[in-house]
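Open the model in your viewer and keep the selection panel at hand. Each stop below names what to select and then says what is there.

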Amino acid sequence: MNVLGQQLVNGLFIGGVYALFAVGYTLVFGVLDILNLAHAAVFTLGGLMALWLVQNAGLTIWTAFPLAVLFAGLLGLVLDQVAFKPLRRRPDTYFSGLISSIAMAIIFESLAMGVFGAHNSRFPAGTVPVVIWRLGGITITLLQVEILAAVVLMMVALTQLLKRARVGKAIRAVAENQHAARLLGINVDGIIAFTFFLSSALGGAAGILFGLYFDALSPDMGRPIELKGLAVIVLGGMGSVPGAILGGLAFGLSEVLTVAISGTSNLRDAVAFTLLFGIMLVRPSGLLGRGRLREA
Amino acid sequence: MDALIQFWAVYGSLLNFMGINCLLGLSLYVTFSAGLLSLGNAAFYGIGGYTAGILTTHFGAPFPLALVAGTLMAGLAALLLGLPVLRLKGVFLAMATLAFGEVVRIAALNLKVTGGAEGLINIPVITQTWMIYLALAGAAYFLARLHRTRLGWAFQSIREDETAAAAMGVNLTLTKTLAFVIGALLAGLAGGLYAHLNFLITPGEFGFATAVNLLIFNIVGGTRAWYGPLLGAALLTALPEVLRGLGVTAGPIRLFVNGLILLLVILFLPKGLMALFQRRPAPAKG
């Protein structure tokens with residue numbers, strides 16, 4: 001029982017990181033209908049930047065975290081300006097956008113390799129103090145609590161932003177109908193750029209937390225999560241922010257439960273992708289359907 | 001003569017890879033020509049490779065038989081996969097085929113008969129360069145002819161406008177399935193040839209990265225005629241060698257150049273590099 005409880009707790013934490021990653025992923029899809037395959041590369045660069053700030057610039061994780069998140073957000077602006085904006089008026093913008101995001105993913109990954117080195121690295125010991133609690137046989141670390149707190153905080157902030165803030169309403173308007181939004185005086189290009197900033201900042205934050213949690217960073221750490229993130233947003237419903245959160249948690253739990261039940265980690269990804277495949281066949285709109293971003 | 005032998009020793013395997021990649025480029029080209037964005041062709045490549053490899057390695061099957069079996073197995077998988085997934089459009093089809101590809105890769109990683117993570121080893125090395133290029137020439141000839149047939153037109157009409165195609169009496173399900181299956185057959189053939197080239201195959205060679213590579217071959221070369229993907233595949237396969245010749249050996253720079261080429265092509269040459277070789281569009285014939 002305790003083993004299962006421990007697995008559920010672990011699944012919750014890793015699911016939170018997946019959710020954070022997937023929210024950014026789905027945000028861009030909700031607004032632009034474009035799959036941004038460079039999201040995982042931003043995730044990687046966010047994590048590596050935080051590591052660099054801690055290791056080489058001597059900052060504490062508390063200052064490195066917001067700086068690296070900002071850096072990831074700026075990468076999002078670069079993505080938008082270089083890879084998406086020039087293609088926006090093309091008739092096949094969904095397809096060409098997908099391709100140019102792949103190109104940017106390759107470029108970002110090569111930069112990550114060139115600048116930070118192709119090797120595996122980790123945060124220096126003591127970046128986050130090691131504190132362990134035991135609750136009825138279930139172990140929880142301070143790091144896990146901090147990760148969950150960070151995830152929840154960012155999710156709440158994002159949801160409130162989309163729901164109440166002026167810019168959030170503008171994002172939803174652009175997602176609903178770009179032409180109408182433009183007619184109403186919304187700066188559509190500015191809103192799209194801001195969406196990319198937000199999406200990439202969240203992706204970068206997920207990268208940092210992921211690196212802290214698994215204690216390993218490398219230029220290709222984004223690859224597995226790229227596909228998992230895809231499964232998560234399809235599960236939750238493409239473009240749906242609450243769906244991505246739910247999907248992320250469900251995905252994290254399904255992973256640890258597969259390992260717990262089958263006893264090996266080999267099948268972990270198989271279950272996830274079989275799930276993704278099944279959903280595509282049965283209900284391509286996912287659990288929460290499309291358009292939820294618009295309603296927020 | 002010595003120079004030729006020297007050249008062969010250095011670039012023989014590059015030519016082999018180029019041929020295989022060209023064949024793979026063509027396999028996605030067929031699927032593409034009917035407007036289907038598939039990321040599953042890498043998996044069909046793997047299915048063909050593993051089927052043929054297992055038959056020769058474990059069952060001592062003759063090579064031609066194994067090659068045919070691998071090709072057909074990939075086609076069969078595409079048929080079974082296509083029936084449910086070809087209803088999906090655009091990005092959703094891409095994701096469903098991607099999920100299928102990952103499931104296939106993970107299966108190869110976990111099954112006994114495929115050799116798991118270490119891969120299928122001790123595959124007899126049978127494939128010769130001429131076999132690859134014979135297959136490639138056959139495939140290219142077939143596709144060039146297909147372009148002007150009823151089926152070829154049906155592919156293009158679906159790509160341009162599905163609703164209009166259906167209204168004109170094109171059987172969407174049948175036509176799309178055919179495009180998907182023909183693409184898979186070519187990928188399966190490439191897989192069988194590749195498996196017998198190198199003594200071993202591993203699951204990682206048939207994953208997402210390969211699926212994306214096939215896409216890149218087509219985008220960079222162009223998808224409006226059969227020689228587009230050949231151009232893309234040949235160029236991108238040779239690129240690392242060219243860069244090495246220029247003194248660039250670092251991995252990141254190679255990767256960077258790859259990404260940059262793709263970005264520049266999609267931004268400035270949406271019809272691919274083959275657009276550079278076409279003077280101007282031929283006037284439409286009645």
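Predicted model: local features only at pLDDT ≥ 70, side-chain atom pairs only at ≥ 80, totals over all residues.

Residues are numbered from 1 along each chain as its sequence is written, and chains are lettered from A and ligands numbered from 1 in the order in which they are written.

**Stop 1: domains of chain B.** Select residues 16-226 of chain B as domain 1 and 251-280 as domain 2; such bounds come from an automatic or database domain assignment. Their centres, taken over C-alpha atoms, are 23 Å apart. Eight residues of domain 1 of chain B are in contact with nine of domain 2 of chain B (in contact: C-beta atoms, placed from the backbone, within 7 Å).

**Stop 2: H9 and H11 of chain B.** Select helix H9 (residues 208-221) and helix H11 (residues 251-268) of chain B, which pack at about 45° with axes 9 Å apart. Helices (H or I, at least four residues) are DSSP runs, numbered from the N terminus. Axes are lines fitted to C-alpha atoms over the stretch in contact, and angles run from 0 to 180 degrees between N-to-C directions. H9(B) and H11(B) are therefore oblique to each other (angles under 35 degrees are roughly parallel, over 145 roughly antiparallel, 65 to 115 roughly perpendicular, the rest oblique). Show Ile216(B), Ile219(B) and Val220(B) of H9(B), which meet Ile261(B), Leu262(B), Val265(B) and Ile266(B) of H11(B).

**Stop 3: H1 and H8 of chain B.** Select residues 2-33 and 172-195 of chain B: the axes of these helices, H1 and H8, come within 7 Å and cross at roughly 170°. That makes H1(B) roughly antiparallel to H8(B).

**Stop 4: where the chains touch.** The contact takes 31 residues from chain B and 32 residues from chain A. On the chain B side, H4(B) gives the most, with 12 residues.

**Stop 5: the core.** Which residues touch the most other members of the largest nonpolar core? Among its 195 residues, they are Leu20(A), Val23(A), Leu23(B) and Leu262(B). A nonpolar core is a set of buried Ala, Val, Leu, Ile, Met, Phe, Trp, Tyr and Cys residues joined through C-beta atoms within 7 Å (buried: 20 or more other C-beta atoms within 10 Å of its own, with C-beta atoms placed from the backbone). Helix H1 (residues 2-32) of chain A gives the largest share, 15 residues.

Key
Buried ≥ 20, exposed ≤ 12 C-beta atoms within 10 Å, placed from the backbone. Helix = DSSP H or I, 4+ residues; strand = E, 2+ residues; numbered from the N terminus. Contact = placed C-beta atoms within 7 Å.
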